[in-house]
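The exercises that follow ask you to work through the surroundings of two ligands, one step at a time. Please look at the sequence and the structure before you read each solution.

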Amino acid sequence: MTITLALPSKGRLKEQALDVLEKAGLKVILPKDQRNYRAQVEGDSRIDILFLSASEIARELGYGSVDLGVTGEDLIRESLSSADERVQIEARLGFGHADVVVAVPEVWYDVSTMADLDDVAAEYRQRHGRRMRIATKYWRLTQQFFSQMHGIQVYRIVESLGATEGAPASGSADIIVDITSTGSTLQANHLKVLEDGIILKSEACLVSSRRSADPAAVAALAQRIQAAIAHG
Ligand SMILES: Nc1ncnc2c1ncn2[C@@H]1O[C@H](COP(=O)(O)OP(=O)(O)OP(=O)(O)O)[C@@H](O)[C@H]1O
Ligand SMILES: O=P(O)(O)OC[C@H]1O[C@H](OP(=O)(O)OP(=O)(O)O)[C@H](O)[C@@H]1O
């Protein structure tokens, strides 16, 4: 039986994911044709490597169609309901660090906490004739954080698939929930993170599916990678 291990096909997580595997003695033989999304590990035919986008990896782990994968924790928690019942985080990999945060315009001088934002949201309709709008691609994390954790119910999510930080200035939303690492994109767009507005501190993780057909083999492979990380 083979194990399917999914790796990011592009973007910021790809190279470091390959490096981690190499440290564990798993050298991925990259296909000559960049559009071929399958690969093998040198000297080990029991592992099938599949290159997918980081968010697809999260979804496929949830379905159980891949056994093990490397992706951001933000994408795991956003893409899967009851994530902990469907997947297990086997290791935090020490790269791809980024926080999912609530940010508001810097000029909202009276707003520095979620409690302040709750006050604003409550008054918003009266003042502006509509609900406060939040631009994000993180629907699930936003709803959990606002509604369940902070009891804020009066808002509307405006889906944003890119350049989210530009939404308040362009007028398509009032505030945002997005990922930040250096903070420079927020700063350039005159947005500030609320003091208690960190929803999730994310990093790249090695994640296993709880629906795998061969849990013992998956656990053994995960452990091999964990051991390599532990030994630097
Ligand atoms: N500065 C950053 N901005 C965005 N994502 C970051 C940053 N630093 C680390 N990450 C992590 O990288 C992930 C995005 O990875 P990548 O850029 O490869 O994906 P993508 O091309 O946006 O993926 P997809 O096509 O699946 O949406 C984020 O979800 C997060 O876990
Ligand atoms: O805090 P910072 O270091 O400024 O990083 C945060 C920004 O980086 C990402 O966008 P990116 O430009 O990489 O494009 P993306 O939307 O395709 O991820 C992310 O969506 C933020 O906008």
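## Exercise 1: the shell around ligand 1

Task: describe how the shell around ligand 1 is made up, and where its residues come from.

Solution. Begin with the composition: in this predicted model, the shell around ligand 1 consists of five nonpolar, seven polar and three charged residues. Next, turn to the domains, where domain 1 (3-97 + 203-230) and domain 2 (98-201) each contribute at least three residues to this shell. At the level of helices, at least two shell residues are supplied by helix 2 (54-63), and at least two by helix 3 (73-79). Then consider distances, for among the 15 residues around ligand 1 those that come nearest are Lys10, Arg12, Ser55, Asp74 and Ser181. The side chain of Arg12 has an N or O atom 2.8 Å from an oxygen atom of ligand 1, while a polar side-chain atom of Ser181 lies 2.8 Å from a nitrogen atom of the ligand. Finally, of the 630 Å² of accessible area that ligand 1 has on its own, the protein covers 77%.

## Exercise 2: the shell around ligand 2

Task: find which element gives the largest share of the shell around ligand 2, and list polar contacts of this ligand.

Solution. Strand 10 gives the largest share, with three residues. For the contacts, a polar side-chain atom of Glu165 lies 2.6 Å from an oxygen atom of ligand 2, and for Thr185 the corresponding distance to an oxygen atom of the ligand is 2.5 Å. The protein covers 59% of the 490 Å² of accessible area that ligand 2 has on its own.

Note on methods: Residues numbered from 1 in each chain as written. Chains lettered and ligands numbered in written order. Predicted model: local features only at pLDDT ≥ 70, side-chain atom pairs only at ≥ 80, totals over all residues. Heavy atoms only, no water. Near = heavy atom within 4 Å. Polar contact = N/O pair within 3.5 Å; in protein donor to acceptor, adjacent residues only side chain to side chain. Areas by Shrake-Rupley, 256 points an atom, 1.4 Å probe, with all protein chains shown as cover. Helix = DSSP H or I, 4+ residues; strand = E, 2+ residues; numbered from the N terminus. Nonpolar A, V, L, I, M, F, W, Y, C, P; charged D, E, K, R; others polar. Domains from an automatic or database assignment.
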